[in-house]
Amino acid sequence: MNPPSRTRLALLLGIAGILLLAAIIISPMLLVSMPSFLNGDGASIDCEGGTKVEEVSDSGAADIPGDYLDLYKKWGKKIGVQWNILAAVGKRETDHGRSNLAGVKSGTNYAGAAGPMQFLISTWGGKAQVAMSSTFNGYASDGDGDGVGDVYNPADAILGAAKMLKRNGAPENVRRALFTYNRAWWYVDQVEEIARKYAKSGAVEVPPQASEECDDPLVAAAPSEIVAKILQYALAQRGKPYLWGGTGPDAFDCSGIIYAAYRAAGLSIPRTTFTQWPFGVKVLAGEEQPGDLVFFNAGPGTSADNPGHVGLIVSKGKMVEARCTLCGPIKVTSYQARDNKVGFTRPLQNPDVLDQLKKLQTPAL
C-alpha cells in the first residue's frame with residue numbers, strides 16, 4: 001500500500017470514529033427529548049381511543065359459567081367498567097355464585113353480605129329484594145327487567161356491582177374502586193391477579209385518558225393560547241377529590257374546577273352550574289370545541305332549562321369532570337354516551353369575557 005492510500009485509510013477511519021462518537025452522544029439526547037405522548041418503544045398512544053375490550057382467555061372461558069360471562073360482558077360494556085374486573089370480583093367473592101357458603105343463595109354471611117357479588121344488605125338498599133319503583137338508597141339494580149332488584153339474582157347483582165365500581169373510580173382507577181368494594185389491599189391485589197388471568201392479553205386495560213401522557217397532546221391541540229391555559233390547569237387537577245362547593249386548590253365540584261381553570265387563565269366567569277349555563281353562548285352539538293362547556297340534566301331540582309352538572313371539554317367527545325362525592329376523583333371522561341346532555345356553551349364568546357380578553361390582548365380563538 002503506498003503512502004497516499006494509507007493517508008486516505010487513516011482519514012476514513014477518523015471520520016468513522018467521529019460519526020460513531022456522535023451517535024453515542026446524540027442517542028441519549030434523542031431519548032430524553034422523546035415527546036411525552038410516545039411510549040418507551042416510540043409507539044404513539046391513542047389518546048382519543050376507548051378502553052380496549054379484552055378477549056377472554058382459555059382458562060377464563062373454562063372457569064366462568066357462560067351465563068355469568070355474558071352478564072359480566074354486558075354490564076361491563078353498558079356501565080363502562082372492565083368486564084374482567086367484574087368477573088374477578090365474582091370469582092373472589094362466591095366463585096361466580098357456585099359457593100354454598102352462607103349468604104350466597106339466601107340469607108347473609110357473618111358480615112351481613114348477600115348474593116353472588118356479596119353486597120351488604122344496607123348497601124344494596126335495605127333489604128334483599130327492592131322494588132325499583134320505590135325510593136331507596138343503595139345499589140339495588142334490575143338487570144333482568146322484572147322490576148325488582150334482587151341481591152341473589154346474578155343479573156341484578158352484577159349490574160349493581162358494575163355501578164358501584166364505576167362510581168368509585170373504574171375504569172380509570174381500578175384499584176381505588178376495588179378498595180372501596182372491600183377495604184383491604186390484599187383483596188385488591190387478588191382481584192387484579194384473577195382479572196389478568198381472565199384476559200387473553202393478561203392485562204387490566206384502562207382508558208387512554210387515564211394516562212397523564214395524553215395531557216400534552218390535548219393542550220398542544222387547543223385552538224388558542226387562552227384555551228391551552230384553561231386546559232392545562234384543569235388537567236392538572238385530575239386525581240383530586242370532588243367537594244361540593246369546592247374551588248380548589250385541593251378539591252373541586254363540577255363548576256368549581258371550570259371557574260378555577262378560567263381564573264387561572266386570567267378570566268372571570270360565574271361560579272355555579274346554574275349561572276354558568278346562561279352565561280356562555282349556546283353552541284350546536286357537533287360544533288363544540290376545547291374550552292367549551294357541556295351541561296347535563298342531573299340532580300334534584302334540575303331540568304332541561306336548569307342543568308345541574310357541567311364538564312369542561314378538552315377534545316371532541318372528552319371532558320374534565322368532577323362528578324360527585326362517590327364518583328371517584330376528577331378525571332377525563334366521555335360525554336358522548338351520556339343520555340342526559342342538555343347542551344353546549346362557549347363562555348369565551350360572552351361579551352364580558354371578550355372585554356376581558358381585549359384587556360389581556362389575547363384572542364379568544
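In what sense do β7 and β8 pair, and over how many bridges? The pairing is antiparallel, over 3 bridges. The legends below describe close-up views of a predicted model, in which local features need pLDDT of at least 70 and side-chain atom pairs count only at pLDDT 80 or more, while totals for chains, interfaces and linings use all residues. Residues are numbered from 1 along each chain as its sequence is written, and side-chain values use heavy atoms, with hydrogens and water left out.

View 1. Strands (E, at least two residues) and helices (H or I, at least four residues) are DSSP runs, numbered from the N terminus. Two strands pair if DSSP finds at least two bridges between them. L312 stands opposite V320 in β8. The hairpin has 2 residues between the strands, and G317 takes a positive phi near 90 degrees. On its pairing with strand β6 (residues 293-296), β7 is joined by 4 bridges and runs antiparallel; F296 has H309 in β7 as its bridge partner. Of the 7 residues of β7, 7 are buried, meaning under 20% relative accessible area, as against exposed at over 50% and partly exposed in between (1.4 Å probe, protein chains only).

**View 2. The open antiparallel sheet.** The 6 strands follow the order β5-β10-β6-β7-β8-β9, with antiparallel pairing. β5 (281-283) and β9 (331-334) stand at the edges with a single partner strand each, so one side of each lacks a neighbour in the sheet. From one strand to the next, the twist averages 40 degrees. The pairing of β5 with strand β10 (residues 341-346) is antiparallel over 3 bridges, and K282 has T345 in β10 as its bridge partner.

**View 3. Helix α10 across the sheet.** Helix α10 lies across β7 (309-315), β8 (318-321) and β9, and runs at about 115 degrees to β7. Axes are lines fitted to C-alpha atoms, for helices over the stretch in contact, and angles run from 0 to 180 degrees between N-to-C directions. The 12 residues of α10 (residues 225-236) should span 16 Å at 1.5 Å a residue, which agrees with the 17 Å between its end C-alpha atoms; the expected span is 1.5 Å times one less than the number of residues. Buried residues of α10 include I226, V227, I230 and L231.

**View 4. The largest nonpolar core.** A nonpolar core is a set of buried Ala, Val, Leu, Ile, Met, Phe, Trp, Tyr and Cys residues joined through side-chain atoms within 4.5 Å. Among the 45 residues of the largest core, Y72, L86, M117, F119, L165 and Y181 touch the most other members. The largest share of this core, 8 residues, comes from α6. Beyond four places in sequence, L165 touches V81, I85, L86, A170, A177, L178 and Y181, contact meaning heavy atoms within 4.5 Å. A second, separate core of 35 residues includes A261, F295, V314 and V353.

**View 5. The surroundings of A162.** A162 is placed in helix α6 and counts as buried, at 0% relative accessibility. Its contacts, leaving aside neighbours within four places in sequence, are W75, I79, V81 and L86. A162 and V81 are 81 residues apart in sequence but 6.5 Å apart in space, C-alpha to C-alpha.

**View 6. Confidence along the chain.** pLDDT is the predictor's confidence in each residue, from 0 to 100. The chain has a mean pLDDT of 85, with 82% of its residues at 70 or more. Over residues 18-46 pLDDT stays under 50, and the model has 14 contacts beyond four places in sequence for these residues.
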